[in-house]
Structures are given as structure tokens and as C-alpha cells.
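Subject: Structure handover

Hello,

Here is the structure you asked about. My notes on what was found in it follow below.

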Amino acid sequence: MFYKHFIFTFIISGSFQKTIMNRRTFLKIAGVGSASFAAGCNSHPERNLFSLVKAPEDRVTGTVSWYASTCRECPAGCGVLAANREGRVIKLEGNPLHPVNKGKLCARGQAALQGLYNPDRLVRPLLKTDDRWEEISYPKAFDLLEKNIEKTAQKGPDRIGMLTETVGDVLLALFKAFFSHYRSTNLYVFEPFVFESLKYVHARVLANPMLPGYRLDRADLIVGFGADFLETWLSPVEYARKFKNMHSFDSGQNGTFVHVAPFRSLTGANADQWIACRPHTEGYFALALINEVFKRGRGRKLTTPFRASLNRMLRNYNTEMAANICGVSQWQINNLVFSLMEAKRPLVLSSPTASAGTSSIGTDLAAVLLNILLDPKLPLYDFDQRHRVEIADSRSGIQKFWEKAGKGQMDTILLHQVNPAYSMPSGDEIVEILGRQELFSVAFTHFMDQTAAACDLVFPIKHFLESWDSYESKQGITTTLQPVAGKFNDAPQVGDVFLELFPRDKKPGADYKAYLVDTLTERHAIDTSIGWVKLIQSGGWFAPDKPAATPELTLGRQTTLLLRKLIPKKPSAAIESDKPVLYTTSSLRFYDGRGANRPWLCEIPETLTQIAWQSVALVSESLMSANHCKDGDSVQLRTGRGQIELPAYTYPGLYGNAVVTSLGLGHEHYGRYARKQGVNPVAVLDTGVDSDSGAPFYAAGLISLKYSGKNVPLALTSGSRSQLNRKIALNIPIKHLGKVMPTGIGLTMDTFPMTLPLPEGYNPQRDIYPAHDHDTCRWSMVVDLDRCTGCSACVAACYAENNIGVVGQQRIIEGREMAWIRIERYEDPEDPASLIFLPMMCQHCDNAPCKAVCPVYAPHHSKQGLNNQIYNRCIGTRFCAQNCPYKVRRFNWFDWQWPEPLNQQLNPNVTVRSKGVMEKCSFCIQRIKQAHDTAKNENRAILDGEVIPACVQTCPADALYFGNLMDKASTVRKMIRTARAYQVMGYLNTKPAVIYLKKVVRTI
Amino acid sequence: MIEVLILSFSLTGLVIGVILVAARGKAMLFFTDFGETMKSLWSNRQPLGWIFCCVLLTAGFLFFFYLWPNIGIGAAQPIAFSHRLHAGHKAIACDYCHPYAGRSIHPGMPPVEKCLHCHNYIIANHPEIRKEHDYFNSQTPTPWVKVYYMAEHVVFNHQRHIKKEIACETCHGQVKQMDRLKGQRFKMGFCVQCHRQNEANADCWLACHS
């Protein structure tokens, strides 16, 4: 047979291997080949058009309807607008009316949709029977719940317990009514990050354990003792905006920010100066500042007894001693004191979100006292706008709850949207308690997380985007929540479940919506249904009822005694030993871990490390070399409670003995994206709490740090830590800004002039091709590096808007990431701890290198200057990606999957790219198109600022601007008339349409 | 035109076959030459038989594909709705049932309740209208069969075309004369031709693609 003579030669791993193909193999290959050819050529178009049964009034097929609601991904409670297309929510954007976030959202807010449409979301109640889950119906689950509650209530008071996440007043009142009806006091609000130390200090100094807002925008100098207010601290979107209003060059304020902490977090990386102090010694540093400021006569208006006792106490401390303890130089302290004395409106911020325990109270107390000394009226504290998270109970309260449960004092435990088994160090004990036979535990949740897995009944409830509710983001602000998506499962709202549990005659409302409407309309004196509609249309009630009085200061001898106790003259042995300290930080992407099952958040790399999906331990260079480790080497971190092993990554922004790892990963359950991904460092933290404030310890002393001998390939998206002198992300000292900069004229890296992607940027001596003839618009983006905080909100928004595939950890390790916009970070070669962030997306060059090499003309220069990728032409040679100097083109190595119902989120205006084609940023062409159509319908030109791409829309720091370069009056055109404007690698004569403004370097 | 060609082609084949079989290849008296031809054909009857079968099969296939009754009148719909009757004879405006055409990229399909606005009163007990009632009562969306296809990566904006006063018939054909819609798979050439004639936007992404 002739097949037998066929010899196929394959080249496998560089060597030739001969395979004789037999008839059978030939037939197999031929069969599979032709079948897949036939199947692959079939485009499966939709065969049916389904008509609605009844048309909703506010829906027009093919257009987006916006619904205002509130984001509940963290207790900050930003206002959102949800874009509803044919019943599906395709995008979340900030509500511009909402005073907290003013139209902006963070990455977690953008990814809330992946919680709603998560493929691992539970849709049926699950009952545990003999360690197996049995799906039951909602009525059956409810009956079970009702019977257990009744049975428990008959046994006596306080037998029912509940932990809930931070909820709005109306729901909390309902929970409270429920608990008083069933005679129990065990209702606790559980949050992993409660700012106990700050509340404790405020209770002592301001007579109220509150969490006031801060007017960062009015400050001219901010000193932060680790407060990560650009990431997770209290209200990150709000504070990012306010910080940039105070700090950025173009706002005219030009304030400065000094970060004093052992770890230079993302917030610290945005500071003008980072003072690396020894772990747990921030308090000493703050006390040294108090000392110096007090000596220089601040705090005169305070009461005499307090001043006398402070004076007595400070005699025992001096700056030199503090400098030694903190491991900083004395001039750094003096320099900062000088700045503080000079500043008109200085503001001192306290310790980070994840409390370090006892040392955090010292820091917070010293920071608050420093604020009081600098201005006793505390003008930068906003007592009208107290953060909602202050209602949450301290960790000591939660521990008491579990102690009671452990002693068998409770028979029914209800857990509403909390995951203590994951986020508390005593998670194993909690799992054991929940698993007890005599205890009936119910988890009201969306996902099978570590806590739900230990419960007896898992009761799925509606997602916040499907619910009627209200939330008080700040005191005096009531924001409303309304269902923004079509119903796609039968889960009830948690409020309705609790209302049904009341006896029929004692029900506070017919259903939760009616109860909510009654409460809110009464509270805000709304008497018409139109008033109610207006309330939910605008997303809430934003005017504070009446201004709160500034609380009286309660300073005295007890304050100084406390200060002396918290910051003893002789630091503890642990501080002095200089042993490695493990800090676990709240995560910009996952918060406390609740974001870990949103694939976008996993896929977006952590800005500081550029590592996606994985947990890493950030280790300082000295500690790395002492252990003979390099990046990616797995290290074992041992504390008194146990050991974790995770890859190490060198991070220069650390005090020598500090080791940092982020919380949020390492789930044992929580769905396909989170399960067994990364490491949960909570397991090695101390189970105890601080005896004064009740704060948990998110830092722990390390007994040992050892290289395990293994190496883990890192899902690292950055090619290099430094710019290798390529002039990518540039900065400029503030003193150079006033001067007239010599404009370049030559052809070298340093002398190449800025060449706009317009006909005026063409020079026959430099260019082969003539200028493009653009039609009315030449789209362009301006990126202000002085404003970019590196928060990655733009990246998440881009994933949501443009249907970008999630490739997973392995593909990223292979270098096949898909993001259209990324935040690059570069270390300053002279000071590696100082970082610069650069959002990088397609530069839409006028002289695009990608276009020249495509054999099929797939990259196409549009009439409005866009570099359009035409997917149908693309044959996947990848020459363009190779030739692009900005490395922004992404190749689809596979057809990426959106497992049901994640595909419901896909934007119907954007093609889902298939395997084998190249894709990249389109400047949100669908939005340009929409603006174009609207303008044409209204017979006018497109207005400046009418086109807002998704990244620009969401940027909390307003670092991105978009507009038309051909319009001489446009914002972008005005913005680039500055010495700060430059083009990334413009010397290649690519004529990019993305123009960057240099970061301003301020010296303190 | 193609129908006539196919029909004549298959009929000719059929006649030749019948003559061959009837004469068994014997020379015919009145046309000697023809008789000789027939004879040689008869001696090659086996391969010719195969060829004939193939031709017959092809012709049959083409017949069923193109000429079978009702083939040209479009896909059967779950409810026998006639555009000729509603849009043509009763002269109901297109945008009564497809109200979003002037407001959105998508013209919109009439919800089931809209049909019943009239058909609660007009021939309410007609068997086809009963089906409509069943859809309404059981809250089931009607699975209309799609007849006009556009490639997935094209977003056709109805609003812009309506604003430019392009008649629905320009693309959708003589809907008013069709009971069932024949439909069409639109190809790029169809769009580009018109865009060029009217000097409309011809930018790839700004105009159609996304």
C-alpha cells in the first residue's frame, strides 16, 4: 500500500525524528482533519430573533439604559451607573452625582460585574447531609431556616448569632429588629479591616470612636504613616481624587506628600519622599515630630494641664534617640519638621488599612496628636462625612462571638456575606465550630467560600446589583441600590428572607422593597412617587442633613500616659532585634480576598511587582542576598503559628528586614478562579487581638525566612525594571518647569523634537511618506504621569468595555497576556525605591511601524487618525507585534472562554476576537462611533470632551484626557502646550498620538 | 433564469435516456446515422448508465434545492405572519411594529403583547392567533426565524439610515409583496456600493465595523 511509503519527517525539539505513518494513522488524521476543516468553517450565526412578551417601558433594543446604584465591593460605597443592554449589565461606571467618587470607579468596582455574572455563583440552596451537598429548593431551605430559628428561640435568649458585612441603615435596622424579636444580642458587623486603632484613638481624643473623612484636597503637606489611601484605606477613589487635587502640578496646589513606613506601598510610591523606618517604629517617628513641633511652640491653644504633662513626657524622648530607633537619619526628621512648620495646612494620616496591632495604636495616637498640635481646630477633618465602616465591630468583638459559639452558647449562626474562616487567623477553629452537629449554621452568600463550605445550609441571595437597598457611604449621604440587571436566578433578597422570618402579625413590612421605600420616604420626607423615582434616578440623597459639630478635644494627662505606654522609651526587644517582620497588606485588587474570584482582577498585574495571579513575598535586596535568593525563588516564611511558602520578589521599597505579602489569595474554595491560587498569609498570623483597641495583628515577627530550593516561574508582565535609558517614562524636577526648555531639532534621542501626528509634524527631510489627510478629527490622548497613581482602574475598565479575554496564569508566564492598556512601572536607576508609573496603550502613531510590515494591510490608518486593526484581514503573522516599539499588540493564541453566565457581560458593540488574530487598543472606537452618530443626528460637530474612552472615564486621578488634536481649542491641544509634554520613544519618528506629560519631581 | 436552464437540461437528459432504453441501441430505420450513434451508445451502456445516474442525482438535488414549491418564499415562521398582508394590504407602517428603527441601531421586534393590541379584537380565534395567545399566556418569547443576516463584526445602524431617509425596501426588498420574507445575507459589496454612490461614510470602523 502506498501509504506505507509515506515518510513524514517532523522536527521535534531541534532533532529530526522519523515516523512511518501507517494506513490507520493516515485515515485518522485525514478524517479528523477534514471534519475539523468542515466544522471550523462554519460560522454559527444566531438562527432566531426572540421577541419580548411585554416590552419594558425604559428599554430600547440596541441602546443602553443607565441605572443608578451603589457599589458594595468594599465599605466605601461609591455610586455607580450600570449600563443595561437588553437586560444584561455590560458595564459599571461611577455616578457623577455621587459625592464620594464623582463618576469614577476603582478596579474592584469595575469588576463587580464579574461577581454578578460569576460562573461559580450559587443558584440553588445547598444543604449539607453527611458531608455531601444536596441541592434543595428555596421554599424548603426557608422552611428549614424558619424551623431552626423557632426551635432556637424557644431554648432561651441569645441563642441565635449573626455576623453580617457592613450594610446600610435600613437593612441593619431590620436585622436589629429581628434580633430583638428573637431576644438575642449576638448581632455583629464583621469586616476584616475595621481601623480599630484609629477608632480607639478617636474615642480617647475626640470622645467618639468615629472615622471622620479627611479633606486631603485642602492640605498642602500630607505626612502618611503608612495610610494606603490610594488603595484600600477608607475610601480610595475619593482620596485618590482629593490627593491629586492637592498634589498634582496642573491643579496649581502643588502640595507634597511624605510617606513614613517600612514598606513603600503603591500609595508610598506616589509620595514625593519615602522615609523608610524600622518596622513598628512609626510611632517613634511621629513622637519625634510631636516633640520638635511642640518645642517650636505649636499647641499653645491646648489646655495647660495637657501641655504640662506632654512637656514632662517629652523630656524623656529626643530626636536623636528616635532617629536611632527608627533607623532614619536625624536630618530626615528635622527636614520634615521644617516642612511641617512651613506648611499652612498640614495633614497627618495614620497607619495602613491592615493594622499592625499594638504599634498601630501608638502611631495613630501620635498622628492624631500631631494633627491637633498643628491646628487644634482640625480643619482638615470632615466630621460631616464619617466613613460607614465605623459601624463595624472590632476584632475583639468578633472573637467574643466565636468564643461564645465555641462554648456552645449558640444554636443557630447566620452569616451574611462574610468569610471569617478565610480572613481570620483562627479560621480552622471557626470551621470546626461551624461543623459541629448541634449547631445550625447558615451562610447567606453568592459563592461557596471557605466559611460557606463549613456551614450546614448555604442560602444564595441576590447580588447587590440585583437588589433594592440603601447604603450610607458617609454619614448624611443615603445612596440607593436598585436592580440593574434582569433576573436570572430565583435567589431572594436577604431582607425578604428576614422579613418572612417574622411572625405574620409582627412583620415590619410586606416585603423588603416596600419596607425600604417606606423607611426612606419617611426619612427624607418624600411624599410623592415622583419624588421616590427621582431619588433612585439620581442614586441617592447627597446633601448632608445638618453640619456636624467639631467634637471637643478630650486631651489630658491620660492621653500622655497612654502615649507613653504605647511608645515606651525603650523599644521592645522585637523591634531592636531587627529580625524579619512579615507585613500582610490589604490588596488593591482583592481587598480582603473577596475579589479573588473575579478573573479580571487576577489577570491585572499588581502594579508594584507587575505580577498577575500569584502571591509573592516582597523581600528587600539585603534579605534576598543574605538568603542567596533571586526573583521567583520560593521562600519559607515561618512565624510562631506556622509556615507559608511562596515565591520571593525583590522590592527596593522596603526597610531591610520587612517582608510584605498581600492578602486576598490562597482560597480553599471560592470558585475556579480563586481556588488554590496563591497563598493565604492569614494562616501564619497571630490569632490574638490587641488588648486595648481590639485590633488584629496583620504583622508578625518571622522566626525564619529560608530559601526552599525551588523556583516558581512568575507570571510577570514586565520585561525590565529599568528603562535602560530608552526615555520611556520621564520626570522633570519642579525647578526646571518655569524655564524655557530648549526645543530639540536633531535626530538623536535627546534632541528629537516633539512631532505631533498632524501634517505640521511632517518634515520631508525626515519622512518618506507624506502626511495623512485627516477628516475633521485626529484623536489623541494625553496622559499626565504626574497624576497617574498606578491604581489599574483603567485596565479593569478596558477589560470590561472591550471584551478582552482572560488568559490565565500559565499563558501570562508564557508571555501571552492580553491587556490593551497596562500600567508599566520603572525604577529610577539612582534610587530603585522610587517608581514611576506609565499607562501604556496603542499610541495610534501617524507613522505606525506595525502598518508597514503587515502583508495583508490589517492595521489601517483611519480618516480620523486611528490605527484600526481589521480582524478579518489579519492572518496572524504577528509581524506587527514584533515591529511595534511599544509592545501593545496582543495575539489571540486561543479562543478565550467566557464560561456561562460570564458571557452576559460582553459588550455587544465590540467584536469578540477569535483565535489567530491580532488585537489592540482601539481608543474605544465604539464610543467614538456613538458620539459621531449623535453629533450627526443633531447636525453638529463632535464637542470637545464628548468622546470618553472607558479608561479615561474611570480614572480616579483624572490622569487621562481624550480629544481632537485638529481642534486648536480642544483640551488636549491646550494641555500639550507645556514643557512637560513628550512622546514615548518619539525619537523613532513614529509620531504617536498619545502624548505624555512628565511626572513632576518635588524635593522636600 | 437558472430554474429554466436546469429544467430544460434535466428534461433533455430524460428524453435521451428514454429513447436509449426504448430502442435498445438497434439501428433505427429512418435515421441511419442516428441509429449508428445509438448503437455505439448502447455498447457503452454501462459507463453511460453511471453518468446518467450522476446527472439524474444532480438534477434532482438542484430541483429540490431551487424548484421545490415554496422554496423561494423564505423561511417558515413559528406563526404564519404575512408581511404582505400587514405592511402591504393593511398598510401598517413599518415602524409601528419595529419602533426603534429611528431611535437605535436595532429596529426592535414587536413584543407579543403588541400583536394582541389588534388581535384581541381581530380574528382573535384564528388558529395562528391562538398560537400568539399561547405565547403571551405562557410568557414565552416568540422564536422568530432570522432571515436577514449581517456578519457578526458589523454593526448596522438603523437610525442613521432612517435619518438619511433610506427606504426600508432598499435593503429589505419588497417586503410589502412577500408573505414570508425571503431574507438575505448581506455582503460587504452590497453596503459599499451604496455608500460609494451616496458618498456616505466609508471609514471601516467609524462606519460599520467594530
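Four bridges join β13 of chain A to strand β14 (residues 273-276) of chain A, and the two run parallel. Helices (H or I, at least four residues) and strands (E, at least two) are DSSP runs, numbered from the N terminus. Two strands pair if DSSP finds at least two bridges between them. In this pairing, A:V260 stands opposite A:I275 of β14(A).

Before going on, some conventions. This is a predicted model: local features need pLDDT of at least 70, side-chain atom pairs count only at pLDDT 80 or more, and totals for chains, interfaces and linings use all residues. Residues are numbered from 1 along each chain as its sequence is written, while chains are lettered from A and ligands numbered from 1 in the order in which they are written.

β13(A) also pairs with strand β12 (residues 221-224) of chain A, in the parallel sense and over four bridges. There, A:V223 has A:V258 as its bridge partner.

How many of the six residues of β13(A) are buried? Six of the six residues (256-261) are, so the strand is largely enclosed by the rest of the structure. Buried means that 20 or more other C-beta atoms lie within 10 Å of the residue's own; exposed means 12 or fewer, and partly exposed is in between, with C-beta atoms placed from the backbone. In a regular strand the side chains alternate between the two faces of the sheet. Both faces of β13(A) are covered: A:T256, A:V258 and A:V260 are buried on one side, and A:F257, A:H259 and A:A261 on the other.

Helix α18 (residues 494-501) of chain A is mostly covered, with six of its eight residues buried. Among them are A:D496 and A:F498. The buried residues pack against α4, α5, β17, β18 and α19 of chain A.

**Chain A against chain B**

35 residues of chain A are in contact with 31 residues of chain B. Contact means C-beta atoms, placed from the backbone, within 7 Å. On the chain A side, α30(A) gives the most, with eight residues.

β3(A) and strand β1 (residues 143-145) of chain B pair in the antiparallel sense over three bridges. A:L49 has B:W144 as its bridge partner.

Best wishes

Conventions
Two residues are in contact if their C-beta atoms, placed from the backbone, lie within 7 Å.
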